[in-house]
Amino acid sequence: MTVQELPGAAAYRPTPPPAWKPLTDPAPLLPDPEPYRVLGTDAVADADPELLLRLYAELVRGRRYNAQATALTKQGRLAVYPSSTGQEACEIAAALVLEERDWLFPSYRDTLAAVARGLDPVEALTLLRGDWHTGYDPREHRIAPLCTPLATQLPHAVGLAHAARLKGDDVVALAMVGDGGTSEGDFHEALNFAAVWRAPVVFLVQNNGFAISVPLAKQTAAPSLAHKAVGYGMPGRLVDGNDVAAVHQVLGEAVARARAGGGPTLVEAVTYRMDAHTNADDATRYRGESEVEAWRAHDPIQLLERELTARGLLGEDGIEEARAAAERMAAGLREQMNADPVLDPMDLFAHVYAEQTAQLREQAARLRVELDAEQGQDGTSGAGDGR
Amino acid sequence: MTTAAMAGEQTDKAKPATMAQALGRALRDSMAEDPTVHVLGEDVGTLGGVFRITDGLAKEFGDDRCTDTPLAEAGILGAAVGMAMYGLRPVVEMQFDAFAYPAFEQLISHVAKMRNRTGGAMPLPITVRVPYGGGIGGVEHHSDSSEAYYMATPGLHVVTPATVDDAYGLLRASIASDDPVIFLEPKRLYWSKAAWSPDAPVEVEPIGRAVVRRPGRSATLITYGPSLPVCLEAAEAAVEEGWDLEVVDLRSLVPFDDETVAASVRRTGRAVVVHESSGFGGPGGEIAARVTERCFHHLEAPVLRVAGFDIPYPPPMLERHHLPGVDRVLDAVARLQWEAES
């Protein structure tokens, strides 16, 4: 851009704003232009074979979990299930990269990450079955409640990580969000707080192509979602989200950096949601079969299976063993989910306040009367015994 | 610890003269007593808050305990959620009432619900301080009364002091509470001295209890926060007319003290609810309904409301026409049409 000189401007010597200097050098923060890959590249030589085999078993189990949970929605056992089929590499890597003392902040699609971190498969589905909201104690598992509002759990991760650091604990928080979630204000505020506070947080964006039906190109005009990091003063990393070894490595480096006091990192994992948004969504309205097929050829389990097979680390027996273990998990899940949950309607009032207000005590008494009347009518305690 | 005992701890220093000083003292004493109490917000550190409520805290306790945050209300409250999840007791300052709105999603979806969502496993002891209401000549977005929004959200306590002692005691109790508290500070009372607060008790009632600030026999004025001085003044003025008004200060909107309010109205048989937030869909409707349900056979007249008009908060040069003053309260009292002393 050129500035036209005004008559008499020669006498005027413009100077820069007095205190201006760059706060951060942007160059080291920029992501690589291509998503980072390990499988099928030279980088795979550095990967630990034992870790790869563990990741493989978890991927197979995770795929089976997604299939079983989807089947449970068709049987009416789950109210809804947002499947992460196709995205298992992100889910598994996120769970396995953390130490026990670290915290995971999952979104509603990240049930699998919570299960891979050790949460009971049935407890993880409480929200989606509809018997309560969060079926586990977040402190016990260091897994925040599965978060339905978009990106609102990200500032929680920042606050928790910040608090841990203030207390002198070397705890890292890993927060998961989708591509659509990066448009929300809470995404911005969380990243900004994390960078300013140098909080030990890792943000994992699973870019699966669509926010329900809206494609990435209508979501952002940024070069990539990883590029958004630069504006906050944190490094952005771009990774192939279907390459579990690559996701694990990149997240591992980010976690190590956070733990060492280096501050937050934004990781964008490029992946694809093979199923619809949920069982209530019709994905054929917004994407073609050829696109889905192209991603099917880049399946996370197949990528790893080919690598392990080619290197002689995995044979037919190993594959069969992983599948059998996954089947056992699915059978257990099916069996447990086929039992009707026993609910106590009086729990409606139990967890609103530490101490019930007089108003809630009154309302609880009213419900008690209704329940007793119901019981009197049918002679059973179909609504739970309430004690 | 009782609030009375907490109030007793300040004997080594002069008693706070203004509500602003009492609030600052409450923050200081809470932080000194409990290392998990952290104050955060925009300008709360070096500046001491735009109302100077947090003055000196950063100096005394360090930037980590009293933290200037980026300017982002959702981020401030969202970070406070995470801090509370890790065992801290965050006290958040929302600089002005209308500046709190960006944080509403965090408040409603997370702060209010976390205990419930997790079946009681994860309570959030967060105090959100919101300077609220008009009467200080603020331009738009600086004078809202947002209490109805907070009251309509189960899981939150909504507390609003009207006296210097309550400012101290209720804030201490709010910070000590294991539930989230919306602490509404009537900013036009920040600098009012304790003088108008008649014989304010040193012992402060806990959260959830209303108090009778002035006993009377002919009607009850039910009020809170910035409208308490208005009602007390109206009650004094009404004496000349032969009206003996009882004034109830709610102090806490959630939980609501039905007992104290109903007992008063049963004694007097007449009630006027007074607040400065808009009347339609406002706190007064809820309060009038509760009073009617409990006291119908004792009532000699319908429960009336004196509230701000149903308009967006007006510009400062017109706000005196909007805010319920003594005359408007007395007009309502006259409409109760009682036969004096009968």
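The lining of the second largest pocket comprises 15 nonpolar, 7 polar and 2 charged residues, where Ala, Val, Leu, Ile, Met, Phe, Trp, Tyr, Cys and Pro count as nonpolar, Asp, Glu, Lys and Arg as charged, and the others, Gly among them, as polar. The model is predicted, with local features requiring pLDDT of at least 70 and side-chain atom pairs pLDDT 80 or more, whereas totals for chains, interfaces and linings use all residues. Residues are numbered from 1 along each chain as its sequence is written, chains are lettered from A in the order in which they are written, and side-chain values use heavy atoms, with hydrogens and water left out.

The pocket holds about 450 Å³ of space. A pocket is here an open set of points on a 1 Å grid over the protein atoms alone, where a 1.4 Å probe fits, with protein on both sides within 12 Å along at least five of seven lines; lining residues have an atom within 4 Å of a point. The volume is the space filled by probe spheres set on the points, which are joined across faces, edges and corners. Among the 24 lining residues, A:Gln359, B:Met151, B:Val254, B:Glu286 and B:Arg290 are the closest to the centre. Two or more residues each are contributed by helix H13 (358–378) of chain A and by helix H7 (147–151), strand E10 (252–254) and H11 of chain B, with helices (H or I, at least four residues) and strands (E, at least two) taken as DSSP runs numbered from the N terminus. H11(B) provides the largest share, 4 residues.

Between the chains, 47 residues of chain B are in contact (heavy atoms within 4.5 Å) with 40 residues of chain A. About 3,500 Å² is buried between them, 61% of it on carbon and sulfur atoms; this area is the accessible area (1.4 Å probe) lost on putting the two parts together, summed over both. On the side of chain B, B:Tyr86, B:Asn116 and B:Arg117 lose the most area to chain A, together 21% of what that side buries.

The interface has 1 salt bridge, defined as a side-chain nitrogen of Lys or Arg within 4 Å of a carboxyl oxygen of Asp or Glu. This salt bridge joins the side chains of B:Arg294 and A:Glu362 at 3.5 Å, N to O. Strand E1 (37–41), helix H4 (73–85), helix H5 (104–111), helix H6 (114–117) and helix H11 (283–295) of chain B each supply at least two residues of the side touching chain A. H4(B) gives the most, with 11 residues.
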